[in-house]
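Subject: Structure for you to look at

Dear colleague,

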Amino acid sequence: MRLENKVALISGGARGMGAVEAKLFASEGARIIIGDIREEEGRQVEAQINESGGECFFTHLDVTSEANWLEAVAQAVTKYGKLDILINNAGIFPMEKVEETTEESWDMVMDVNAKGVFLGIKSVIPAMRAAGGGSIINLSSIAGLVGSTYSASYNASKGAVRLLTKSTAIQYAREGIRANSIHPGLIDTLMAANLLADEDLRQRRVATTPMGRVGRAEEVAYGALYLASDESSFMTGSELVIDGGFTAQ
């Protein structure tokens, strides 16, 4: 098993890409902590993993709250003895151009997508240091690499995640704590539902993607699995792009 004896905390793990990552990691031997504000869905994923022979528990986690983060890390260490992996997966995706974006919307997106990642990283560093190292995986986006015609705050927040990841990587590399970012393209998840529901926009994106299709959550989860495992032990500060070739053009 690729994650045997490892402990992973996954924010936004109650549904979508986070839930897929949680189930995959559990199948590879990791013990899982799901952190999310969606308790009912989180408990369902918790039960599914435990019923299939894995180890998982759900904890309430508002990623904009440092107190919530510290409690989630403390629970992980108390229950499983350590923390090896963090996936900063929680995020929101409003489709708003610059002039359409209110100050309140901007602040909310930056709080969840950027501040939430910062707080997650800050909170797990002491536990990873105590464990002798760890792997931090931050879900950015191709929107953190290139601009888009349909969002402003999302682009800005994901660009922040990209460079925060690099700063974390160089600051903690000598302590065995790695940090890498994943940059998915258009993936068939609930978060992308609004974009996918716009048939014209969906078709244009598919037409301009060299592979000619939308990605699957499992394809991103396997990238996260590689970064979480010891197979990627010489990778830190890297950007793993999973976008069907979109940004290669």
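A residue counts as buried when its relative accessible area is under 20%. Please keep in mind throughout that this is a predicted model.

With that cut-off in hand, threonine 168, which lies in helix α5, counts as buried because its relative accessibility is 4%. Apart from neighbours within four places in sequence, threonine 168 is in contact with Ile121, Ile136 and Ala179. Asparagine 138, placed in strand β5, has a relative accessibility of 0% and therefore counts as buried too. When residues up to four places away in sequence are not counted, asparagine 138 touches Asn88, Val117, Ile121, Val161, Thr165, Asn180, Ser181 and Ile182.

Helix α4 (residues 103–131) and helix α5 (residues 153–172) have their axes 8 Å apart and meet at an angle of about 15 degrees, which makes α4 roughly parallel to α5. The crossing in which α4 passes α5 is right-handed. On the side of α4, the contact is made by Trp106, Val109, Met110, Asn113, Ala114, Val117, Phe118, Ile121, Ile125 and Arg129, while α5 contributes residues including Tyr154, Lys158, Val161, Leu164, Thr168 and Tyr172. By class, the residues of this contact of α4 with α5 divide into 14 nonpolar, four polar and two charged.

Turning to helix α1 (residues 16–27), its twelve residues should span 16 Å at 1.5 Å a residue, and the end C-alpha atoms are 17 Å apart, which agrees. Which residues of α1 are buried? They are Met17, Gly18, Ala19, Glu21, Ala22, Leu24, Phe25 and Ala26. These buried residues of α1 pack against β1 (7–11), β2 (31–36), α2 (39–51), β4 (85–88), β5 (134–139) and α8 (217–228). After α1 comes glycine 29, with a positive phi near 100 degrees.

The axes of α1 and α8 are 9 Å apart and the angle between the two helices is about 50 degrees, which makes α1 oblique to α8. In passing α8, α1 makes a right-handed crossing. Met17, Val20, Glu21, Leu24 and Phe25 of α1 meet Ala217, Glu218, Val220, Ala221, Tyr222, Ala224, Leu225 and Ala228 of α8, and the contact has eleven nonpolar, no polar and two charged residues.

With α2, the packing angle of α1 is about 20 degrees and the axes are 10 Å apart, so α1 is roughly parallel to α2. The crossing of α1 and α2 is right-handed. Here Ala19, Ala22, Lys23 and Ala26 in α1 meet Val45, Gln48 and Ile49 in α2, and the residues of this contact divide into five nonpolar, one polar and one charged.

One last point concerns the backbone. Most residues other than glycine have a negative phi. Asparagine 5, found in the segment before β1, has a positive phi of about 70 degrees although it is not a glycine.

Note on methods. Residues are numbered from 1 along each chain as its sequence is written. This is a predicted model: local features need pLDDT of at least 70, side-chain atom pairs count only at pLDDT 80 or more; totals for chains, interfaces and linings use all residues. Side-chain values use heavy atoms; hydrogens and water are left out. Axes are lines fitted to C-alpha atoms, for helices over the stretch in contact, and angles run from 0 to 180 degrees between N-to-C directions. Helices (H or I, at least four residues) and strands (E, at least two) are DSSP runs, numbered from the N terminus. Angles under 35 degrees count as roughly parallel, over 145 as roughly antiparallel, 65 to 115 as roughly perpendicular and the rest as oblique. A crossing is left-handed if the near helix is turned anticlockwise from the far one by less than a right angle, and right-handed if clockwise. Contact means heavy atoms within 4.5 Å. Ala, Val, Leu, Ile, Met, Phe, Trp, Tyr, Cys and Pro count as nonpolar, Asp, Glu, Lys and Arg as charged, and the others, Gly among them, as polar. The expected span of a helix is 1.5 Å times one less than its number of residues. Buried means under 20% relative accessible area, exposed over 50%, partly exposed in between (1.4 Å probe, protein chains only).
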